[in-house]
Amino acid sequence: MRARLSGGHFRMLNEKLYTCSGQDAFDYFTNEPDLFDVYHAGYQEQMSHWPEQPVNVIINWLKSHSASWTVADFGCGNAAVSKNVKNKVFSIDLVSEDPSVIACDMAHTPLQSSSVEVAIFCLSLMGTNYPRYIEEANRVLKPSGWLLIAEVRSRLDPNTGGADPDKFCEAISKLGFSLVSKDAKNKMFILFYFRKKEKSKMVKNVDWPQLKPCLYKRR
């Protein structure tokens, strides 16, 4: 019974995160920080069924590159990236129970412009205003910096009501990024590797595709 109640709370919170703005989510969890623990407990339970964790792929990628790079981890969760690499990592999420985690709306972080070499979104483009998160990552990234986005495969599958991944990549490209590679071999998620151009002019009116919410069915 306790597991079913916990699962119900997770589904409710998960749906809220996917269907409200980042500011609304930040205000909600600021007022009810204990619910953030409920959400992450449910999230970890769901992730335990995945054959491969996207965060581990990202951690291994970082380990294969320069440890001198500064990283911004947007929607860091339990700050796994920061705990497993030698890089300086700004861990960002809606609630901070760890002094190393910055609690804020991801569309408005306290990071300085052009201050990091890598920005990460690992299953964290959840708000209805997700383009603002990517624009914020663009602001804090240095020229030639990397933007890594891991997203649930179904959200980018037009055959099941998801967004067209090509249009998603095109929208990000208009901010001044180039798609370096796309890892689609995992059945649960897709991982995009973008790189910020040295010199680029950001398009103001970008046609962003809507990413469908990743909602869990009642059991």
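Glutamate 136 counts as buried, at 7% relative accessibility. Buried here means under 20% relative accessible area, exposed over 50%, and partly exposed in between (1.4 Å probe, protein chains only). The model is predicted: local features need pLDDT of at least 70, side-chain atom pairs count only at pLDDT 80 or more, and totals for chains, interfaces and linings use all residues. Residues are numbered from 1 along each chain as its sequence is written, and side-chain values use heavy atoms, with hydrogens and water left out.

Glutamate 136 forms a salt bridge with arginine 139, with the closest N and O atoms 2.7 Å apart. A salt bridge is a side-chain nitrogen of Lys or Arg within 4 Å of a carboxyl oxygen of Asp or Glu. Arginine 139 is partly exposed, with a relative accessible area of 29%. Both residues belong to helix 6; they are three residues apart, or about one helical turn. Helices (H or I, at least four residues) and strands (E, at least two) are DSSP runs, numbered from the N terminus.

Helix 6 (residues 130-140) also holds arginine 132 and glutamate 135, again three residues apart, about one turn of the helix. Their side chains meet in a salt bridge (2.8 Å, N to O). Arginine 132 is partly exposed at 36% relative accessibility. Glutamate 135 is partly exposed too, with a relative accessible area of 25%. A further salt bridge joins aspartate 183 and lysine 185, with the closest N and O atoms 2.8 Å apart. Aspartate 183 is buried at 16% relative accessibility, whereas lysine 185 is exposed at 71%. The count comes to six salt bridges.

The loop runs between strand 3 (101-103) and strand 4 (116-122). Threonine 109 is buried, with a relative accessible area of 11%. Leaving aside neighbours within four places in sequence, threonine 109 is in contact with Phe74, Ile92, Cys104, Glu136, Arg139 and Val140. Contact means heavy atoms within 4.5 Å.

The domain assignment gives domain 1 (1-48) and domain 2 (54-196). Such bounds come from an automatic or database domain assignment. The C-alpha centres of the two domains lie 21 Å apart. Across the interface, 19 residues of domain 1 are in contact with 16 residues of domain 2. The buried area is about 1,400 Å², of which carbon and sulfur atoms give 62%. This area is the accessible area (1.4 Å probe) that two parts lose on being put together, summed over both. In domain 1, Tyr18, Phe26 and Phe36 lose the most area to domain 2, together 39% of what that side buries. Between the domains, the count of salt bridges is zero.

Helix 3 (residues 33-47) has 15 residues. Its span from first C-alpha to last is 22 Å, close to the 21 Å expected at 1.5 Å a residue. The expected span is 1.5 Å times one less than the number of residues. Phe36, Tyr39, His40, Gly42, Tyr43, Gln46 and Met47 are buried in helix 3. They cover an arc of only 160° around the axis, which puts them on the same side of helix 3. The arc is that of the directions from the helix axis to the C-beta atoms. In helix 2 (residues 22-31), Gly22, Ala25 and Phe29 are buried. Their arc is only 60° around the axis, which puts them on the same side of helix 2.
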